[in-house]
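Here are some exercises to work through with the model open beside you. Try each task on your own before you read its solution.

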Amino acid sequence: MTTPLTGPEFGSYAPDEVTWLLKDLSHVDLEGDIAEREARIQAGLAHYAESLPVEYQPDAPYRELFDKALASTAGRLAHAVGTLTELLIAERGTDLTLVSLARAGTPVGILIRRWAQRHHGLSLPHYAVSIVRGRGIDSAALDYITAHHDPRSVVFVDGWTGKGAIARELSAALAEYSAAGGPVLSDDLAVLADPGHCVRTYGTRDDFLIASACLNSTVSGLVSRTVLNDAWIGPGEFHGAKFYAELAGDDVSNLLLDTVSAEFGDRASAFESARALLESDREPTWAGWESVERIRVRYGISSINFVKPGVGETTRVLLRRVPWKILVRDLTADEHAHIRMLAAARDVPVEEIPDLAYSCMGLIKDLP
């Protein structure tokens with residue numbers, strides 16, 4: 001079994017804040033040209049998790065926009081973190097093992113851990129593991145976690161939902177894991193924001209800017225997306241990732257954590273929000289998936305995988321994929337100012353759709 005990783009040897013987060021259940025592939029040349037990589041993926045010649053896109057490094061105006069976005073949303077993020085943590089503790093108790101889905105879930109897991117520590121005196125174990133659409137979750141990582149912790153304590157954490165593909169992937173993967181003889185693990189995915197109405201445990205269902213979506217590794221502990229490639233990952237080994245230590249000068253990972261943590265305040269407001277959620281109907285309606293399907297048909301897009309809804313997913317399209325068009329509900333909305341800036345930089349048209357179910361959507365170019 002691969003040895004777990006912690007900072008500062010792997011990643012820029014403090015070692016007590018997260019343990020990465022990943023294989024270090026920092027020495028491997030895995031990055032490819034975004035357009036060439038997209039063409040191979042769409043042609044069925046490669047899976048997206050077998051390689052990495054070249055990490056986009058923003059210019060000074062975009063970094064300034066990130067700083068402003070973080071400052072203006074930190075309070076809202078802190079409240080969502082508090083609401084989510086209070087909801088988890090109310091429903092699951094204080095014996096929690098946080099398992100973030102790398103990498104978008106990792107900063108959220110750390111913030112949940114910080115809230116639980118500050119307001120409940122808890123020191124929750126926190127791991128980051130890989131999940132890959134179409135390939136499932138890292139079973140070697142699950143074996144490690146369930147060998148060291150009560151399986152009933154495991155809570156899977158992610159940053160946000162789009163149309164719910166990862167929520168569905170998690171449910172299927174955990175069912176497969178238990179069917180193969182592993183312990184039963186709860187598939188109740190906990191997310192900071194659930195604009196797609198795909199999960200029942202969330203801090204908010206608003207589609208607003210989560211600042212960690214604005215950047216790549218430089219807001220995620222300098223760790224790449226996860227990699228699952230048979231050339232580098234052997235049987236029983238964790239999925240892989242790279243540590244971009246050379247980007248340390250641009251790293252804002254801990255700035256984000258500290259800025260949001262500074263807005264935690266007391267727990268009364270978050271507790272009230274969590275209590276209101278507990279008394280409400282939180283069952284997923286998958287309304288987001290239905291709205292995405294309508295857009296897919298409207299624009300003649302061949303696969304639902306080419307429609308990425310919500311602020312977080314739209315940002316990812318512009319940072320890592322070959323975008324065709326960006327749809328927004330309101331051309332002047334603050335929550336996607338960074339998206340409009342990225343779209344202009346990449347010469348991607350932005351279209352206003354007033355009845356859009358999400359704040360915005362990113363459409364990936366369907367390559368011939």
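Two strands count as paired if DSSP finds at least two bridges between them. Keep in mind that you are looking at a predicted model.

**Exercise 1. Find the bridge partner of leucine 327 in E15, and describe how E13 and E15 pair.**

Step 1: Locate the two strands; E13 covers residues 323-328, and E15 covers residues 360-364.

Step 2: Look across from leucine 327, and you meet its bridge partner in E15, methionine 361.

Step 3: Now take the strands as a whole: E13 and E15 are joined by 5 bridges and pair in the antiparallel sense.

**Exercise 2. In which sense do E13 and E14 pair, and what unit do they make with helix H10?**

Step 1: E14 spans residues 350-352, and its pairing with E13 is parallel, over 3 bridges.

Step 2: For one such partner, go to valine 328, which is bridged to glutamate 352 of E14.

**Exercise 3. Give the strand order of the open sheet of 4 strands, and name its edge strands.**

Step 1: Reading across the sheet, the order is E12-E15-E13-E14, and the pairing is mixed.

Step 2: The edge strands are E12 (307-309) and E14, each of which pairs on one side only.

Step 3: Ignoring direction, neighbouring strands here are turned against each other by 20° on average.

Step 4: Return to E13 and check its cover: 5 of its 6 residues are buried.

**Exercise 4. Describe how helices H2 and H6 pack.**

Step 1: Two numbers describe a pair of packed helices: the angle between the axes and the distance between them.

Step 2: For H2 (residues 60-92) and H6 (residues 253-261), the angle is about 35° and the axes lie 8 Å apart.

Step 3: The crossing of H2 past H6 is right-handed.

Step 4: On the H2 side, the contact is made by Arg63, Phe66, Asp67, Leu70, Ala74, Leu77 and Ala78, while H6 brings Leu255, Leu256, Thr259 and Val260.

Step 5: Sorted by class, this contact has 8 nonpolar, 1 polar and 2 charged residues.

**Exercise 5. Is serine 100 buried or exposed?**

Step 1: You will find serine 100 in strand E5 (residues 97-102).

Step 2: The cut-off for buried is under 20% relative accessible area.

Step 3: Serine 100 has 0% relative accessibility, so it counts as buried.

Step 4: Leaving out residues up to four places away in sequence, serine 100 touches Gly105, Thr106, Gly109, His126, Tyr127, Ala128, Val129 and Val157.

Conventions: Residues numbered from 1 in each chain as written. Predicted model: local features only at pLDDT ≥ 70, side-chain atom pairs only at ≥ 80, totals over all residues. Heavy atoms only, no water. Buried < 20%, exposed > 50% of the residue type's maximum accessible area, 1.4 Å probe, protein only. Axes fitted to C-alpha atoms, helices over the stretch in contact; angles between N-to-C directions. Left-handed = near helix turned anticlockwise from the far one by under 90°. Contact = heavy atoms within 4.5 Å. Nonpolar A, V, L, I, M, F, W, Y, C, P; charged D, E, K, R; others polar.
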